[in-house]
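Open the model in your viewer and keep the selection panel at hand.

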Amino acid sequence: MSQHQALPSAVYNLLTMPSNRAQRRFAYIIGALVTLISLFSVPFVRLQLGEMAAFQPAIFSTVVCFELITAYVIYSQFKISRLPAVLALFAGYLFSAGMSLVYILAFPRVFADNGLFNSGPQTSVWVYALWHMGFPLTILLYLWLEAKYRNVRFSARKAKLAGWCTFIGTIILMAVCTLFTTRYVEQLPTVLSQGQLLPAFVKLVGIPIVVLTFITLLIFYFRTKASTVTSTWLCVAILAMMLDVTIVLCGGGRFSLGWYVAKWNSFVCSNVVLAGMIYEFTKMYLNMADLFRKVKDSEYSYKVLLGESQQAERTISEQNTIIEQMLESSHEAIVMCDTVGRVVFANRRVERFFENPINKGDCLSTYCQGMRASDAAFKDVIEAYFNQSIPPFQKRISRISLSGEMKHYECYVNPIIDEGADTLRGHLFGFRDRTEEERIDEMKNEFVSIISHEIRTPLSSIMGFIEILATRNVTEDKRAKYVETIHKESMRLSNLINDFLDLQRLDSGRHAFHFQTLNAAHLLGEIVDQWQGKDNHEIELHILDESPFIHGDEERLKQVFHNLISNSIKYSPDKSKIDVFVERENGCVFIKIQDYGLGIPADALDKLFARFYRVDNSDRRKIGGTGLGLSIVKEIVEAHHGKVLVESELGEGSIFTVQFDEYKEGLPTI
Ligand code: ADP
């Protein structure tokens, strides 16, 4: 496994931390050095060297210490990895440490002539044998457990329990081995005589141990490929142990060269793994310190970045809100579609315009079903656009609202192109309500036709009579009649133009009202006097004893009542009576103008105040008018926060009622 593929947890575990080439090279050099020294010493193993009595206890003190420390370090790795196999290694080193302690204690003439257990020279040989047999066996156990329980990890509680069990089990095993090799040593074959190992040792113990160790080394190497730091150094340790026993087999007594080399191999075997581990620990610590610094640095950079991105997020969200508010406050209905015509965004005005909820993902052409473009169904137009059969367009469309009214819109569409990436992001549809414009257009057309009719008729009559007067000799009577007709027609023309201009002024809001307190009875009395006797009509004014006051513009209100009274005279040609009432009720003033003339058909009542509307029937075709009078009345009354109502029956007459709030403050000015 390469370093890059290592699991994050493996990096912090020496047993699983991958070894690199340099580490392996270093371990092989040590292994080669141990082998070379051992091999070179073979011919000289029996060479007797100087006696160093303290050599053995000194070496074994360090061996015991190193192996105990190694056992502890391995146990600490077990606490991290909690892999069962690691416990075998821990047991191996613990056993090795214990047995090397027993070995040195039992060795004759180190602490006591007959060894500390007083069991004779055979004991240390058998302890040595068990020790050197136990270690490779624990390595094999490690390999087996590693293969079998590779994916097993103890829980923290089980790991603790397993650790203690292993520890106690190993101690018991060591105690049994010690007991066996001290108390019952007599039962064992004799392997040492006069300080020399007997062939029985070679056959029964030496060669089997070397073979066992060698096989262990081979299996261990080929199974692990020295791929981890620990396995690399364990290879060296097993090798050193094998060489230790091999040198012993070659003979040589105490303080011979072979004896010293074997002890040196024991020393190497005990500390090489620990040395490797300490070295790697140090490196790991440095790496972790470096990592910690980097983590701290990146934590700081992360915080800075987070701050910036939060700021950016806030800005984006603010911008989004502004864009949304802009789109929502637009007077146009706006729909954004994706490239295939599915709705991505629609402002609320869309629902208001088309009286139908619209959702993200809706198909726009389906949504627009029932609308008409000037030349085709609008649905087909949209589909054609998305099929790329037609280019971006601007079209007038119409639909019938839920209340049955015809609504008109102007629709335009534009592709949305991401200029940076030069890609199409979607399409933007805008709908503008032009129902009012359409109505005005219609009115204008109507106006033009009315004007052309209304103006042309008196104008041609004026021109005709002027021509007669200018070109022919006519009698005095006729001349007077013609001049009167010219005057009448000119008046009609002038009225039309005045009405039209009044309405224009009221419409444009340019008309300034001069409000004052008005006595309703006086106001009406003045107007009635002016119309009294007109076309044989008698107008009766019905007023209260105490006249109410209203607050209004005198001139404009006079215009209202002149209009209404002139209409009642005009549209009751065969009658001669008009009644005008001034009444008050619940804080309101009601002024009613009642005639008994033609009346108004019921179906015309709701259109009566529309501009240019005139009731069209044979009775009144010869009665001139512009169709603007009542709309002017309505505009003026509403500007006074009043109401104008009409009740009428065809052939019976009409009552026009104007309602104002009674004005109670201030003094009347007229
Ligand atoms: P016009 O100049 O035609 O009189 P108006 O706006 O004053 O215009 O009136 C609109 C229509 O209402 C008239 O054409 C007329 O048919 C009808 N009308 C108004 N007043 C009366 C009324 N007192 N009696 C019957 N019809 C009336």
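**Stop 1: helix 3 and helix 4**

Helix 3 and helix 4 cross in a left-handed sense. This is a predicted model, so read every value that follows as computed from predicted coordinates. To see the pair, select residues 55–81 for helix 3 and residues 84–106 for helix 4. How are two packed helices described? By the angle between their axes and the distance between the axes. Here the axes come within 8 Å and cross at roughly 165°. Because angles over 145 degrees count as roughly antiparallel, helix 3 is roughly antiparallel to helix 4. Now colour the residues of the contact between helix 3 and helix 4 by type: 19 are nonpolar, 5 are polar and 1 is charged.

**Stop 2: Ala162**

Next select residues 156–182, which form helix 6, and pick out Ala162 within that helix. Is Ala162 buried or exposed? Its relative accessible area is 13%, and the limit for buried is under 20%, so Ala162 counts as buried. Show its surroundings: leaving out residues up to four places away in sequence, Ala162 touches Leu87 and Phe154. Then draw a distance from the C-alpha atom of Ala162 to that of Arg82; the separation is 9.5 Å, although the two residues are 80 residues apart along the chain.

**Stop 3: Ser330**

Move on to the loop between helix 9 (257–329) and strand 3 (333–337), where Ser330 is found. Ser330 is buried, with a relative accessible area of 17%. Which residues does Ser330 contact, leaving aside neighbours within four places in sequence? Select Asn347 and Arg349 to see them.

**Stop 4**

The last stop concerns backbone angles. Most residues other than glycine have a negative phi.

- Glu355 has a phi near 50°, a positive value in a residue other than glycine. Look for Glu355 in the loop between helix 10 (348–354) and helix 11 (364–367). Glu355 is partly exposed, at a relative accessible area of 36%.
- His641 is not a glycine either, yet its phi is positive, at about 60°. The place to look is the loop between helix 17 (629–639) and strand 14 (643–649). With a relative accessible area of 69%, His641 is exposed.

How values were computed: Residues numbered from 1 in each chain as written. Predicted model: local features only at pLDDT ≥ 70, side-chain atom pairs only at ≥ 80, totals over all residues. Heavy atoms only, no water. Helix = DSSP H or I, 4+ residues; strand = E, 2+ residues; numbered from the N terminus. Buried < 20%, exposed > 50% of the residue type's maximum accessible area, 1.4 Å probe, protein only. Contact = heavy atoms within 4.5 Å. Axes fitted to C-alpha atoms, helices over the stretch in contact; angles between N-to-C directions. Parallel < 35°, antiparallel > 145°, perpendicular 65-115°, else oblique. Left-handed = near helix turned anticlockwise from the far one by under 90°. Nonpolar A, V, L, I, M, F, W, Y, C, P; charged D, E, K, R; others polar.
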